[in-house]
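Subject: A structure for you to explore

Hi there,

Here is the structure I promised to pass on. Please open it beside this email, and I will walk you through what turned up.

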Amino acid sequence: SNTFTPNNDIHNEVFIPILTDGFVEETYHLTIFNRWGELIFESRDKDEAWDGNCTDSENGCQIGTYVWKLTIAIEETGEFKSYMGHVNLLR
């Protein structure tokens with residue numbers, strides 16, 4: 001399930017893609033967008049998770065479905081690949 005609940009109960013507090021080896025770490029680029037296509041989170045660090053906060057809100061992002069996009073280069077070929085999906089934010 002792509003649902004997380006950043007509500008300080010220590011369970012499912014963040015969203016982060018789970019990756020196996022075989023990609024060039026320096027090419028990692030995760031972006032998360034709201035339903036209007038606005039960028040609300042961005043990271044180039046494979047260990048940095050989204051905690052449900054938005055740059056334009058002090059109280060965190062609204063409950064809803066967000067689009068994530070991950071771009072990485074495959075180690076073996078150097079080819080860039082993009083993956084997209086949805087994540088549900090509940091509180």
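Let's begin inside: F15 and W68 are both buried, a word used here for residues with under 20% relative accessible area, while exposed means over 50% and partly exposed lies in between (1.4 Å probe, protein chains only). Before going on, please note that this is a predicted model, where local features need pLDDT of at least 70, side-chain atom pairs count only at pLDDT 80 or more, and totals for chains, interfaces and linings use all residues. Residues are numbered from 1 along each chain as its sequence is written, and side-chain values use heavy atoms, leaving out hydrogens and water.

**Aromatic rings**

W50 and Y66 form an edge-to-face aromatic pair, 5.3 Å centre to centre with 70 degrees between the planes. Rings of Phe, Tyr and Trp (its six-membered ring) count as a pair if their centres lie within 6.5 Å; planes under 30 degrees apart are stacked, over 60 edge-to-face, and the rest tilted. This pair links distant parts of the chain, as W50 sits in the loop between β3 (39-43) and β4, and Y66 in strand β4, 16 residues apart. Strands (E, at least two residues) are DSSP runs, numbered from the N terminus. Both W50 and Y66 are buried.

How many aromatic pairs are there by this rule? The count comes to 4. One of them is F15 with W68, a tilted pair at 6.1 Å centre to centre and 40 degrees between the planes. F15 lies in the loop between β1 (3-4) and β2 (23-33) and W68 in strand β4 (residues 64-74), so this pair ties together parts that are 53 residues apart in sequence. F4, F15, W50, Y66 and W68 form one aromatic cluster.

**Charged side chains**

Side chains of opposite charge can pair when their charged atoms come close. The structure holds 2 salt bridges, each a side-chain nitrogen of Lys or Arg within 4 Å of a carboxyl oxygen of Asp or Glu. K46 and D47 meet in a salt bridge at 3.1 Å, N to O. K46 is partly exposed, with a relative accessible area of 28%, and D47 is exposed at 58%. E79 and K81 also meet in a salt bridge, at 3.9 Å, N to O. E79 is partly exposed at 41%, and K81 is partly exposed at 33%.

Finally, have a look at E26, which is in strand β2 and is exposed, with a relative accessible area of 69%.

Enjoy exploring!

Terms used
Helix = DSSP H or I, 4+ residues; strand = E, 2+ residues; numbered from the N terminus.
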